[in-house]
Amino acid sequence: MTDLPVARHLLPHAPDRIADTVVLDYDARLMRRKRLVGKAGLIFLVDLAEVTNLDDHWGFALDDGRAVAVEPAPEDLIEVRGDLARLAWHIGNRHTPCQIGADHLCIRRDHVIEAMLAHLGADMTPVTGPFRPEGGAYGKGRTMGHDHGGHDHGGHEHGHTHHHA
């Protein structure tokens, strides 16, 4: 048992009043159970029924009626410009989370992916900001990245095509 306020439910929209705001990076916004501290010092326990992508929600509803907002933390990103369709295909083929803008793509800093994109002729600019990549195939969930350097897919095939120059 804990003396901390508990959040067992998520809010789809902002309420009239908020008690505090938690700032979480992309990885931390996928959670089920965790102790969090807000910017104003409110400490509470998240205890959700299942692992949840917080990007699909406005914030937490504490059992005592207070609301806590979720704010994406600034992260080290790369803004990618060039042949966006081709670059997006290669980023997706690496299962790398990607934020899509009207005239650019945005990924988290990754020297291996950056080298691949440079080889493909991408223009890249380091930036810092909140990372809000596209969700899963049906607009929900997460894209789970993984390395393509001599790895085991646990008995399943992806059918990746790798081009070598």
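**View 1. Strand β7 (residues 74-81) is joined to strand β9 (residues 105-108) by four bridges, and the two run antiparallel.** Strands are DSSP runs of E with at least two residues, numbered from the N terminus, and two strands pair if DSSP finds at least two bridges between them. Opposite I78 stands I107 of β9. This is a predicted model, in which local features need pLDDT of at least 70, side-chain atom pairs count only at pLDDT 80 or more, and totals for chains, interfaces and linings use all residues. Residues are numbered from 1 along each chain as its sequence is written, and side-chain values use heavy atoms, with hydrogens and water left out.

**View 2. Strands β8 and β9 form a hairpin with four residues between them.** Strand β8 (residues 99-100) runs antiparallel to β9, and two bridges join them. Q99 has C106 in β9 as its bridge partner.

**View 3. The largest nonpolar core has 15 residues.** Such a core is a set of buried Ala, Val, Leu, Ile, Met, Phe, Trp, Tyr and Cys residues joined through side-chain atoms within 4.5 Å; buried means under 20% relative accessible area (1.4 Å probe, protein chains only). The residues with the most contacts inside this core are V22, L24, L36, F44 and F60. At least two of its residues come from each of β2 (20-24), β3 (30-37), β4 (43-53), β5 (59-62) and β6 (67-72). The largest share, three residues, is supplied by β4.

**View 4. A second, separate core contains 12 residues.** Among them are I91, I107, M116 and L117.

Technical notes. Buried means under 20% relative accessible area, exposed over 50%, partly exposed in between (1.4 Å probe, protein chains only).
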